[in-house]
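Dear colleague,

Please find the structure for your study below.

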Amino acid sequence: MKKLEEYVRAIPDFPEPGIIFRDVTSVLQDADGLHLAIDTMQDLVKDLKYDVVAGAESRGFIFGPPIAYNSRKPFVLIRKKGKLPRETVSIDYDLEYGKATIEMHKDSIQPGQKVLVVDDLIATGGTTEAMIKLIESLGGEVVGVVVLMELAGLNGRERIAGYRLDAAITYEGK
């Protein structure tokens, strides 16, 4: 059986020269790779006690629901602004090349609920930090973050210091 890292395709010089893009779609397009990714991420957090799984649009929607399903927990959507139909709470945050807003339904997290945040990637940590703040604004307690890939050279882990972060794959560079 292949190692998880072998399913990730490296694309040099994308989106700009000098950057190596780690393509998650190559994991998703292989049944064994997808299975291994979900199993590995889930195994990393098997010791955590949580009530809810939350994930951000869009690839958090891919990895979060199987983990929620397998652990028999609800899944909470964190979406880009304007995509949710009911009353929401939102947070603005900085991206590497601009700004963004994410939001979630106001009733999606109850005070005191323990939340596992799931995403495909942590790079600079801006989106992850925003998700944590949004969950906490509703009274949730983030007990862990699990991602498929961590780009350690972009220091996202430092940005969310004090929170548990597990990564199935860690790349030392950017």
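How many nonpolar, polar and charged residues are in the lining of the largest pocket? The lining has 19 nonpolar residues, eight polar ones and ten charged ones. Here Ala, Val, Leu, Ile, Met, Phe, Trp, Tyr, Cys and Pro count as nonpolar, Asp, Glu, Lys and Arg as charged, and the others, Gly among them, as polar.

Please note that this is a predicted model, in which local features need pLDDT of at least 70 and side-chain atom pairs pLDDT 80 or more, while totals for chains, interfaces and linings use all residues. Residues are numbered from 1 along each chain as its sequence is written, and side-chain values use heavy atoms, without hydrogens and water.

The volume of the largest pocket is about 1100 Å³ (the space filled by probe spheres set on its grid points, which are joined across faces, edges and corners). A pocket is an open set of points on a 1 Å grid where a 1.4 Å probe fits, with protein on both sides within 12 Å along at least five of seven lines; lining residues have an atom within 4 Å of a point. Of the 37 lining residues, Arg 59, Glu 96, Leu 121, Ala 123 and Thr 127 lie nearest the centre of the pocket. Elements that give two or more residues to this lining include β2 (20-23) and α4 (126-137); helices (H or I, at least four residues) and strands (E, at least two) are DSSP runs, numbered from the N terminus.

His 105 belongs to strand β6. His 105 counts as buried because its relative accessibility is 12%, and buried means under 20% relative accessible area (1.4 Å probe, protein chains only).

Yours sincerely

Methods. Buried means under 20% relative accessible area, exposed over 50%, partly exposed in between (1.4 Å probe, protein chains only).
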